Amino acid sequence: YAIKGHTRMYLTCELNDRLTLDRLWARSFEQWHLSFVRGPDGAERLILQSRRNKKYVVVSGGDMRALEATAEEPERATRFDVFAVDCVSEASCWGSDAAAQVDARDASLPNGPRARVPIFGSPKSLLRNDTGAVPHSARLIARRTLQNWAMLPGMQPLVLTRDPETEALVKALNDAGAAGGCAFRAITLGQDFEDQPKFKQPTYRGLFAAALRTFPDAPVVMYTNSDILYTSDLRDTISRVASFFDTAKATAPALRGFMIVGQRTNIDPPASDVAALTCGAADEWLRRHAKSGELFESDAEDYFVVSRELFNWDDIPDFVVGGVAFDNWITNRAVRMAMEGRAIVVDGTKTVLAVHQNHGSGRKDSHKTPKSRYNSELAHSHGGTEMGHTYHAAHETWRLRTHAPPVVIEKYAILLH
């Protein structure tokens, strides 16, 4: 059997024997043998055996209470109660109102609900990379992306670049935005950031440090790859998680900060200009294209919303922007901090629509570059990436009703209630 969960995705036995709920399809890793066993009380309970590794599912120890297919014998398998419910809604069916830890207070960031969250990135050099044909032109993708960022309510865009073509594009967008009648936030330009000496390209730690310096009062900053578009409710999720963190920290002073990470949806962008993304039309455009898009893999993280105090960026290795491994390494680090009670890590996939504009090159091409090999070696020698998927986050955001404000839910309270 294949088992579909509350995410509408399938239960999977991964290569590390952990169970996840992040597959849109049901193949061999998503196949389960179901058996009922009778207990001393006479009640029948369910045990699961993975078709992939022929082992039975158990609940592992530790704070995260993960599900794993590691038991060799059925006698060691965790036995699950089976019951029928009359579901009037997804929330009532899964018991999220009672079992999940939901924070439903008014959303606000630590220094007030009107504080803008810096959203920053470092686009590829248009001087060197604008060789793609429409719709995969680097210039068109950059223009569409930056205009989208500049119109996100509650966000302050920052572009970190020394590329004159990118700087000219930002200035042109700012001029056009100032002359238009829409809620356009002028894009800040920055040139003061660290380059990795060998590759002469920006480092992730350098970009985060630059954003924190540029906005010294910002309690939260958001890094994103520069080909990702967002809907106007992005800030709602950030505010809700910040509020949830504040509540948690009141009783857990060891908490340093929080991080939001999530999956992206890949689309093939149309061969059009950015007019469809102006003056409030972006959300409809993004949702329409996302319906025919593809929710991408849980280990391909393209954005990180990070509270100021979570990391000491001077201690972070000099991962090169555009290379692989940093996303999984930083997620792994945050998740391990969460397991120690020092962080809250939230999977925002269900409430943050992050739309990736396919740019024509192969999805795995970046894995073959020298800077990717360098990043992979850094990750391996500085703690690894074992817990670097979005599903390793112990919390996630939901909307319990269409258009309802996001809430923060402890995932394992639902799965193992």
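Gln357 has 0% relative accessibility, so this residue counts as buried, where buried means under 20% relative accessible area, exposed means over 50% and partly exposed lies in between, with a 1.4 Å probe and protein chains only. Before I go on: this is a predicted model, in which local features need pLDDT of at least 70, side-chain atom pairs count only at pLDDT 80 or more, and totals for chains, interfaces and linings use all residues. Residues are numbered from 1 along each chain as its sequence is written, and side-chain values use heavy atoms, with hydrogens and water left out.

Back to Gln357, which is found in strand β19. Helices (H or I, at least four residues) and strands (E, at least two) are DSSP runs, numbered from the N terminus. What do the side chains of Gln357 and Arg144 form? They are joined by a polar contact of 2.7 Å, and another polar contact, of 2.8 Å, joins the side chains of Gln357 and Thr145. A polar contact here is a pair of N or O atoms within 3.5 Å; within protein, one must be able to donate a hydrogen and the other to accept it, and residues adjacent in sequence count only if both atoms are side-chain atoms. Leaving out residues up to four places away in sequence, Gln357 touches Ile141, Arg144, Thr145, Asp227, Ile228, Leu229, Ile267 and Pro269, contact meaning heavy atoms within 4.5 Å.

Now the sheet around β19. The order is β13-β19-β15-β16, an open sheet of 4 strands with mixed pairing; two strands pair if DSSP finds at least two bridges between them. At the edges are β13 (228–230) and β16 (294–295), each pairing on one side only. β13 and β19 (residues 354–357) run antiparallel and are joined by 3 bridges, with Leu229 opposite Val355 in β19.

Helix α8 (residues 282–291) packs on this sheet and touches β13, β15 (265–267) and β19, its direction making about 90° with that of β15. For that angle, axes are lines fitted to C-alpha atoms, for helices over the stretch in contact, and angles run from 0 to 180 degrees between N-to-C directions. Which residues of α8 are buried? Ala282, Asp283, Trp285, Leu286, His289 and Ala290. These residues are on the same side of α8 because they cover an arc of only 165° around the axis, the arc being that of the directions from the helix axis to the C-beta atoms. The buried residues of α8 pack against α4 (138–150), β13, β15 and β19. On the face turned away from the buried side, α8 carries the exposed residues Glu284 and Lys291.

Next, strand β8. Of the 6 residues in β8 (residues 155–160), 6 are buried. Met155, Pro157 and Val159 lie on one side, Gln156, Leu158 and Leu160 on the other, and both faces are covered. In a regular strand the side chains alternate between the two faces of the sheet. Strand β7 (residues 117–121) runs parallel to β8, joined by 5 bridges, and Ile119 stands opposite Pro157. β8 is also joined to strand β9 (residues 188–190), again parallel, by 3 bridges, with Val159 opposite Leu189.

Strand β20 (residues 395–398) also has both faces covered: His395 and Thr397 are buried on one side, Glu396 and Trp398 on the other. Strand β18 (residues 343–347) runs parallel to β20 with 2 bridges, and Asp347 is opposite Glu396. With strand β21 (residues 407–410), β20 pairs in the antiparallel sense over 4 bridges, and the bridge partner of Trp398 in β21 is Val407.

Last, the rings. Rings of Phe, Tyr and Trp (its six-membered ring) pair if their centres lie within 6.5 Å; planes under 30 degrees apart count as stacked, over 60 as edge-to-face and the rest as tilted. By this rule there are 13 aromatic pairs. Phe120 and Tyr223 are edge-to-face, because their ring centres are 5.7 Å apart and their planes are at 65°. Phe120 lies in strand β7 and Tyr223 in strand β12 (residues 220–224), so the pair ties together parts 103 residues apart in sequence. Phe120 and Tyr223 are both buried.

Phe208 and Trp313 are a stacked pair, 4.1 Å centre to centre with 10° between the planes. Phe208 is in helix α6 (residues 204–214) and Trp313 in the loop between β17 (303–307) and α9 (326–339), so this pair ties together parts 105 residues apart in sequence. Both Phe208 and Trp313 are buried. Ring pairs link a cluster that includes Phe120, Phe208, Tyr223 and Trp313.
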